[in-house]
Amino acid sequence: MKPLLDCCEMIDLPRIHDPRGNLTFIEGERHIPFAIERVYYLYDVPGGSERGGHAHRGLQQLMIAMSGSFDVVLDDGISRRRVHLNRSYRGLYICPMIWRELDNFSSGSVCMVLASQRYDEADYHRDYETYLVDRKRIG
Ligand code: TYD
């Protein structure tokens, strides 16, 4: 089974500095390696909440802390890495077949996710043991 965590990386997004307020923009297939098919966001997250707890078979995502901060634990079935997100101009790219968990949400935090495909429950691995079996099958 080959490591996959290295394909997950922080992407620094363009920033237009302005005394009136800064601006960041994202163009699919230019600043991130996929075309954007869906955007969703987590907000009003109660303190101590955990989200995620699944992997995607084919979906690519970019996760951004639009406000506040939270942690993403990435797991490729071999090793785990904890990433802290707290900047609205920096996104975490997550490739397919990565198990992820989100926790440590600060109060008022907003997690925005850009996704490469529309919502499809069949794309989810929601059981860690089944995910591991699939990871070993893929190699
Ligand atoms: P889920 O992806 O499990 O949330 P998280 O990873 O943030 O914990 O989704 C939670 C619920 O929302 C689940 O019932 C599916 C639904 N959902 C949609 O209908 N469309 C979407 O684009 C997403 C991301 C989730």
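In these legends a residue counts as buried when its relative accessible area is under 20%, as exposed when that area is over 50%, and as partly exposed in between, with a 1.4 Å probe and the protein chains only. The model is predicted, so to speak of local features requires a pLDDT of at least 70, side-chain atom pairs count only at pLDDT 80 or more, and totals for chains, interfaces and linings use all residues. Residues are numbered from 1 along each chain as its sequence is written, and side-chain values use heavy atoms, with hydrogens and water left out.

**View 1. Tyr 128 and Tyr 131 form a tilted aromatic pair.** Seven aromatic pairs are found in a search of the whole structure, and in the one shown here the ring centres of Tyr 128 and Tyr 131 are 5.7 Å apart, with 40° between the planes. Rings of Phe, Tyr and Trp (its six-membered ring) pair if their centres lie within 6.5 Å, and planes under 30 degrees apart count as stacked, over 60 as edge-to-face and the rest as tilted. Both tyrosines belong to helix H1 (residues 128–138), where three residues, about one turn of the helix, separate them; helices (H or I, at least four residues) and strands (E, at least two) are DSSP runs, numbered from the N terminus. Tyr 131 is buried, at a relative accessible area of 0%, whereas Tyr 128 is partly exposed, at 26%. Together with Trp 99, Tyr 128 and Tyr 131 make up one aromatic cluster.

**View 2. The charged end of Arg 15 sits over the ring of Tyr 89.** The distance from this charged end to the centre of the Tyr 89 ring is 3.5 Å. A charge sits over a ring if NZ of Lys or CZ of Arg is within 6 Å of the ring centre and within 35 degrees of the ring normal.

**View 3. Arg 51, Gly 52 and His 54 are among the residues that surround the ligand.** Strand S4 (38–42) and strand S5 (51–56) each supply at least two residues of the shell. An oxygen atom of the ligand lies 3.0 Å from a polar side-chain atom of Arg 51, one is 2.9 Å from a backbone N or O atom of Gly 52, and one is 2.6 Å from a side-chain N or O atom of His 54. The protein buries 62% of the 530 Å² that the ligand exposes when taken alone, with areas from the Shrake-Rupley method and a 1.4 Å probe.

**View 4. Glu 29 and Asn 104 have positive phi values without being glycines.** Glu 29, with phi of about 65°, is placed in the loop between strand S3 (23–24) and S4, and it is exposed, with a relative accessible area of 62%. Asn 104, with phi near 60°, lies in the loop between strand S10 (99–103) and strand S11 (110–115), and it is partly exposed, at 48%.

**View 5. Asp 123 is buried in the loop between S11 and strand S12 (124–125).** Its relative accessible area is 9%. Although 66 residues separate Asp 123 from Arg 57 in sequence, their C-alpha atoms are 5.2 Å apart in space.

Terms used: Near = heavy atom within 4 Å. Polar contact = N/O pair within 3.5 Å; in protein donor to acceptor, adjacent residues only side chain to side chain.
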